Amino acid sequence: MQRWFLLIIVILMMLVAVFKMRYQAAAPVPTMEGMVEMRDGVQLFTRVWLPKGSSEDSRRFPVVMTRGYRAGDYSDAETFTSHGYAYVGQATRGHAPSEGELNRFFDDAADGYDTLTWISNKSWSDGNIAMYGRSYWGATQWLVAPTQHPNLKAIIPQGINADLWQCVYRCNGALSLAMTASSRAYENANQARRYGWKNLYNFLPLIDLDLEVSKTRNRLWRDYVSHSTYDDFWKEISLRGKYHKVKIPVFMMSGWYDYYAGAVFDNYEALRDSGNVSDIRIAINPSDHLNRVVGDRDFGPDASKIDIMLAIEWLDHVIKKIDNGMESEPPIRIFTMGINEWRFVDEWPLPNTDFTPFYFSSPDGSRFGTLGTSLPENEPATTYLYNPDDPVPTLGGNHSFLGKDHPELISVGAVDQRPNESRKDVLVFTSAPLENDLEVTGPIEIILFAASSAKDTDFTAKLIDVYPDGTAYNLTEGIIRARFRKSIWQAPILLTPGQISRYTLKLQPTSNVFLRGHRIRVHITSSNFPLWDRNPNTGNEQGMDDKMAVAEQTIHHSKAYPSHIILPLIFR
């Protein structure tokens, strides 16, 4: 038996080696690679790929540059070069083999500018440079765009927010726990596995999670935990107040189940309002952070999008000036779930949007209520206890957590939400079965009138499509940390326990047709864990608590305090 086991291991190792050899043989070889010096003397590792048959001095090409953890992507290099673009990949500071301290975002504007200058002076560059990439590779584009380098002609950021405070490592005041901890709070995943993922997420105080798991301090983790308000740290690396400095075409891509669908439209509106960008495009489908169509809901055979081919088609238009029909194409392409169709639109929100309030009602004050367009009568409020030591678990959702080895704790996409409805701290408001199809496309807000026994707490919400068989698929979600109920941009204000406050929960936008016979549902509660950190209900400085308290939450849904969700209805 042992000999057979060893033979199988050897065969598997041989197959892996053959696969690697074939992949390496097929992968395009960089035309050149080496260090590029920045203005302060730091050297950054950079690779260059030129179209096949080209040498360094044979022809000049438009260039696509990408900057991130690694110096380019071999598959992207092959695709771009096969379409007549030179491709340049650079590893940013602190990412081997580049030099410099890992100080993500803060050096990327200057380093990006210097690299653009280096490219523009090369014999193989025709002086027209675009940037491409997702996540951190998208952030490096947003950071350099306002510097107005004369050779940067377009950017294509995917799956990222130009505002790094509003929703990336933090979201409307809360810490994006799973995403931030899984990439910043320890040195390698083996440490986290040994410690235990559930133990890791539950550890308090959050600020010391890095020391607990890996016995070393992680500066990025401590930065993201300790900078818990919109301070100078975030102001320096966010585009808020700087959108008017972006004066080049922008093509943004994301997914309804990524963390950044809302950011895409916020960024779009800010660029549009500046009046300085001639071509702003958007493409969104029901994908996650890696552009994968995910979850348990069937979106049909056409739900995917090939980001790189959309980018090339657009670059051919804005960089090469090829007449390929893009000029007459509406700037926004979105996938509408439910009917599972792509559509092109000229504006956002859609010009025929009817923003309609659907009110929460529960005449007996129970946690199961109704949802409808009529104002509720004078009815009692609904109360529940939020215990941060027993938070509502994350079930799917719209986020950028990429971990795969503990899906029982957090996953992404559309997932049946009924398991959470048995909890006493989840309020469930449901419409009657729809008599006709009803389209909801656009931004979504919940206006909540609520009181808490705590000085600070959280309120979270989900919009759900309920099928005739009872399956309840989440569409979108949101959170507000109570101390930021006035504004996430201003100094936090603690609650007066027992006092009714008005909250605006901004959910991620969506596009979905609730089909005839389906029902619209909203969940209201105070946690979504470990997607977001638990509010300990103490009102103390965020991330520093090692103790928690139970809060009594009171949700009002009466004529005087009509809590409701505002749905962007589309009538075609």
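Helix 11 (261-274) contributes the most residues to the lining of the second largest pocket, four of them. Helices here are DSSP runs of H or I with at least four residues, and strands are runs of E with at least two, numbered from the N terminus. This is a predicted model, in which local features need pLDDT of at least 70 and side-chain atom pairs count only at pLDDT 80 or more, while totals for chains, interfaces and linings use all residues. Residues are numbered from 1 along each chain as its sequence is written, and side-chain values use heavy atoms, leaving out hydrogens and water.

Let's turn to helix 9. Why is helix 9 (residues 219-226) largely enclosed by the rest of the structure? Six of its eight residues are buried, where buried means under 20% relative accessible area with a 1.4 Å probe, protein chains only. Those buried residues are L220, W221, R222, D223, Y224 and V225. They pack against strand 7 (170-171), strand 8 (174-175), helix 5 (177-184), helix 8 (209-214) and helix 10 (232-237), with contact meaning heavy atoms within 4.5 Å. At the start of helix 9, the backbone nitrogen of L220 has a side-chain oxygen of N218 within 3.1 Å.

Helix 5 also brings us to the largest pocket, where it gives the most to the lining, with four residues. Helix 2 (74-82), strand 5 (125-134) and helix 12 (307-318) are among the other elements that each supply at least two. By class, this lining has 19 nonpolar, 14 polar and eleven charged residues; Ala, Val, Leu, Ile, Met, Phe, Trp, Tyr, Cys and Pro count as nonpolar, Asp, Glu, Lys and Arg as charged, and the others, Gly among them, as polar.

Terms used. Buried < 20%, exposed > 50% of the residue type's maximum accessible area, 1.4 Å probe, protein only. Polar contact = N/O pair within 3.5 Å; in protein donor to acceptor, adjacent residues only side chain to side chain.
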